[in-house]
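Hi,

Here is the structure you asked to look at. Open it first, then read my notes below.

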Amino acid sequence: MQYKQLTSEEINRRIRLRKKRRIARRKRRRRFFSLLFLLILICSILLIRSCNNKSNSKTESNTSLKPLLSEDRFTVCIDAGHGEYDNGTYNENLNAFEKDIALDISLKIGQILEKEDINVIYTRKDDTTPWKSQSDSLKGRCDISNKNNADIFVSIHCNYYDDSPNIRGSEVWCRFKDTKDEKLAKFINNNLSMINFTENRGLKYESEKKLYVLKNTYATSVLIELGYLSNTKDTKYLKSLEGKNKCARAISEAIIKYKDLINEDEQQL
Ligand SMILES: [Zn+2]
């Protein structure tokens, strides 16, 4: 085989051709890697989006379990004791029913708290109840508080003592000492005693008597016995507009004080 002698021109042409091919190869490689990078970028964006959608739907399903209004707002469940077929205690001479006094004061407390941008839930807002027996009633009240994720549950009642019309005074029930419930009970008891309309019978605990609504609500729970309907002075005061307004104001301010204290504690954590 005979090799042709290459001219310098031919050599230069071939060098240029090889150079061109090399540049073309490089361009193709660059284009390939650019496309690959773009593809990876698109895949990553799609992956992130799908993850976000999943987490969003999880949040939606979680919040759907929460009440419509509560979200992060402080929620108070006010439980006006008794109602409808259940009068509670009754002062015959003054025609005063416990269920009416409890309802009036509960609604007034709610109005004050709502003005403070607190989410208020009521177990009843008038003289009708969805439950028809005492056991259903207690469970129903707890369910309303629990389903609404209430922070505080406050049950409003009046007392009665058969053996003496002279017994009088307000008392606040909670389950145990050194608890948040006791803290709230103390605030309410102090505020009620400052009205000075009756005797201060202090705080009462589960060790003395077990109360269903305190045991079966998840919220910080207290039960208030405003006074004795077996006592004329207590009944007159609790039946009066001034009495209802002052009691509602005292209880509301105690609740707001407790809420502020809890907020401060959380901020310090
Ligand atoms: Zn009662």
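**What I found**

Of the 269 residues of the protein, 35% count as buried. Please keep in mind that this is a predicted model. The protein has seven helices and eight strands. Take the contacts with a separation of 6 or more: 78% of them in the protein come from residues 24 or more positions apart.

**Helix H2**

Start with helix H2, residues 98-115. How far apart are its end C-alpha atoms? They are 26 Å apart. At 1.5 Å a residue, the 18 residues of H2 should span 26 Å, so the two values agree.

Just after H2 comes Asp 117, which takes a positive phi of about 60°.

**H2 against H7**

Now look at helix H7, residues 241-268. The axes of H2 and H7 come within 8 Å and cross at roughly 50°. The crossing of H2 past H7 is right-handed.

Which residues meet here? From H2 they are Asp 104, Ile 105, Lys 108, Ile 109, Ile 112 and Leu 113. Their partners in H7 include Lys 244, Ala 248, Ile 251 and Ile 255. By class, this contact of H2 with H7 has eight nonpolar, two polar and four charged residues.

An α-helix has 3.6 residues a turn, so residues three or four places apart point the same way.

**H4 against H7**

Helix H4, residues 180-195, also packs with H7. Their angle is about 145°, and their axes are 8 Å apart. This crossing is right-handed.

On the H4 side, the residues in contact include Leu 184, Phe 187, Ile 188 and Met 194. On the H7 side, Cys 247, Ala 250, Ala 254 and Tyr 258 are among them. By class, the contact of H4 with H7 has eleven nonpolar, one polar and four charged residues.

**One residue to check**

Find Met 194 in helix H4. Is Met 194 buried or exposed? Met 194 has 12 other C-beta atoms within 10 Å, so it is exposed; the cut-off for exposed is 12 or fewer. Met 194 and Ala 250 are 56 residues apart in sequence. In space they are 8.4 Å apart, C-alpha to C-alpha.

Best wishes

Note on methods:
Residues are numbered from 1 along each chain as its sequence is written. This is a predicted model: local features need pLDDT of at least 70, side-chain atom pairs count only at pLDDT 80 or more; totals for chains, interfaces and linings use all residues. Helices (H or I, at least four residues) and strands (E, at least two) are DSSP runs, numbered from the N terminus. The expected span of a helix is 1.5 Å times one less than its number of residues. Axes are lines fitted to C-alpha atoms, for helices over the stretch in contact, and angles run from 0 to 180 degrees between N-to-C directions. A crossing is left-handed if the near helix is turned anticlockwise from the far one by less than a right angle, and right-handed if clockwise. Two residues are in contact if their C-beta atoms, placed from the backbone, lie within 7 Å. Ala, Val, Leu, Ile, Met, Phe, Trp, Tyr, Cys and Pro count as nonpolar, Asp, Glu, Lys and Arg as charged, and the others, Gly among them, as polar. A residue is buried if 20 or more other C-beta atoms lie within 10 Å of its own, exposed if 12 or fewer, and partly exposed in between; C-beta atoms are placed from the backbone.
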